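I opened this notebook page to record what I looked up in one protein chain, going from the overall fold down to single residues. The structure comes first, and my entries follow it.

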Amino acid sequence: ETVWNFQKGIPGAWNVDGCLSAKQTSDGFSITAGKERCSVQRKIGDLRHPIDTLSFTVLSHARTDTLFLWHRRDSPNSHMVELPLVLQGSDEPQTINLNLPSYSQWDSRTDRIGFALPPNASIVLQTINLRRWSFGEKTLAAFQSFWTFDTFRPYAINFLWGPIIGWNPVW
């Protein structure tokens, strides 16, 4: 597991587009976009483990349509895969958990990750947690998810289909 706590400083070297304003604050890594879409990225080739799940804690005072970015090692250097995320506006930090293997384009040994912000958007990154689950943890999660059934509700169409298997605790 690798945890980056931006409230204690900015870990590693982040490449910031010229249209972004990025600085360390007491709340974390404050990122503000200018009049166009901008991104911030970090090379992570030095990680000693593949990434199964990623969670990040962010402060966003307004609803923000952001993108989580990653680079597939088998694609051109300038190409980043984009995963749209909606951050709800709140005065409290929110944690987003991503079960990355569920996305077909995910590369667990990616060499670069980042975020893209729409024009005039602002967020504060507080933590990023990059996690690799062991075989035992994955087996336990699959067992537990097998015995977690959908509840019967008028809108629950999967009630009679049986359990859903999750391969890590973030399913």
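**Entry 1, the chain as a whole.** I note at the outset that this is a predicted model. I looked up the secondary structure and found one helix and eleven strands, and reading along the sequence I get the pattern β-β-β-β-β-β-β-β-β-β-β-α. I then looked up burial, and buried residues make up 43% of the 171 residues. Among the contacts with a separation of 6 or more, I find that 72% are accounted for by residues 24 or more positions apart. The chain exposes about 9,900 Å², of which carbon and sulfur atoms supply 53%.

For α1 I checked the length: at 1.5 Å a residue its twelve residues should span 16 Å, and the end C-alpha atoms are 17 Å apart, which agrees. I listed the buried residues of α1 as Ala-141, Ala-142 and Ser-145. They cover an arc of only 100° around the axis, so they lie on the same side of α1. Phe-143, also found in helix α1 (residues 135–146), counts as exposed because its relative accessibility is 54%, where the cut-off for exposed is over 50%.

I count four salt bridges, and I wrote down three of them, as follows.

- Arg-63 pairs with Asp-65, with the closest N and O atoms 3.1 Å apart; Arg-63 is exposed at 55% relative accessibility, while Asp-65 is partly exposed at 43%.
- Arg-72 pairs with Asp-74, with the closest N and O atoms 3.1 Å apart, and Asp-74 is exposed at 60%.
- Arg-73 pairs with Asp-107, with the closest N and O atoms 2.9 Å apart. This pair links distant parts of the chain, 34 residues apart, with Arg-73 in the loop between β7 and β8 and Asp-107 in the loop between β9 (94–99) and β10 (112–117). Asp-107 is buried, its relative accessible area being 10%.

Is Met-80 buried or exposed? I find Met-80 in the loop between β7 (64–70) and β8 (81–87), and it counts as buried because its relative accessibility is 14%, where the cut-off is under 20%. Leaving aside neighbours within four places in sequence, Met-80 is in contact with Gln-41, Leu-69, Trp-70, His-71 and Arg-112. The C-alpha atoms of Met-80 and Leu-69 are separated by 5.9 Å, although the two residues are eleven residues apart along the chain.

Key:
Residues numbered from 1 in each chain as written. Predicted model: local features only at pLDDT ≥ 70, side-chain atom pairs only at ≥ 80, totals over all residues. Heavy atoms only, no water. Helix = DSSP H or I, 4+ residues; strand = E, 2+ residues; numbered from the N terminus. Buried < 20%, exposed > 50% of the residue type's maximum accessible area, 1.4 Å probe, protein only. Contact = heavy atoms within 4.5 Å. Areas by Shrake-Rupley, 256 points an atom, 1.4 Å probe, with all protein chains shown as cover. Expected span 1.5 Å × (residues − 1). Arc of directions from axis to C-beta. Salt bridge = Lys/Arg side-chain N within 4 Å of Asp/Glu carboxyl O.
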